[in-house]
Amino acid sequence: MDTAHADDVKKTVRTYILVFVALMGLTVITVAISYLHLSVAAAITVALIVATVKASLVAMYFMHLVSERKAIYWTLALTAFFFILLMFLPIFSDQDSTRIFH
């Protein structure tokens with residue numbers, strides 16, 4: 001095994017360990033939130049924020065989405081385009097139906 005490959009493996013393992021430690025820390029924060037005397041709405045809001053951060057870390061690093069940014073941006077752009085197209089489709093179809101009846 002060459003040195004460059006070994007360094008890449010060490011860097012990747014270190015990243016996974018850091019993400020794992022961050023996930024454990026966020027889990028401790030989630031449990032600690034349950035012991036605080038917060039209102040239900042505030043506790044749910046903070047818990048959802050922590051859960052969103054945890055899910056983002058898992059998706060980015062353990063599902064390897066961090067290295068596929070270009071594909072994700074294209075997928076999001078196409079999704080937005082087709083969403084907007086589908087939102088305007090009833091408007092266009094309504095204009096066509098009014099032309100037929102007039």
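Tutor: Quick ground rule: helices (H or I, at least four residues) and strands (E, at least two) are DSSP runs, numbered from the N terminus. We're looking at a predicted model, in which local features need pLDDT of at least 70 and side-chain atom pairs pLDDT 80 or more, while totals for chains, interfaces and linings use all residues. Residues are numbered from 1 along each chain, and side-chain values use heavy atoms, leaving out hydrogens and water.

Let's take the nonpolar patch. Helix 1 (3-35) and helix 2 (40-62) each put at least two residues into it. Helix 1 is the biggest contributor, with six residues. (Patch members have over 30% relative accessible area and no salt bridge, and nonpolar side chains are joined within 5 Å, like charges within 9 Å; a salt bridge is a Lys or Arg side-chain nitrogen within 4 Å of an Asp or Glu carboxyl oxygen; areas are Shrake-Rupley with a 1.4 Å probe.)

Now look at L65, which sits in the loop between helix 2 and helix 3 (69-101).

H64 has a positive phi of about 60 degrees, and it isn't a glycine. For context, most residues other than glycine have a negative phi. H64 has a relative accessible area of 40%, so it is partly exposed too. S67 belongs to this loop as well, but S67 counts as exposed because its relative accessibility is 60%. From S67 to S93 you go 26 residues in sequence and 41 Å in space, C-alpha to C-alpha.

Back on helix 1, R14 is worth a glance. R14 is exposed, since its relative accessible area is 54%. R14 and I72 are 58 residues apart in sequence, with 25 Å between their C-alphas.

So what does the whole chain look like around this patch? There are three helices and zero strands, running α-α-α from the N terminus. The chain is more spread out than a compact globule, because its radius of gyration is 23 Å, well over the 13 Å that the globule rule gives for 102 residues (C-alpha atoms; the rule is 2.2 Å times residue number to the power 0.38). Along the principal axes, the C-alpha trace spans about 75 × 55 × 10 Å. Buried residues make up 7% of the 102. As for the accessible surface, it comes to about 8,600 Å², and 74% of that belongs to carbon and sulfur atoms.

Definitions and conventions
Buried < 20%, exposed > 50% of the residue type's maximum accessible area, 1.4 Å probe, protein only.
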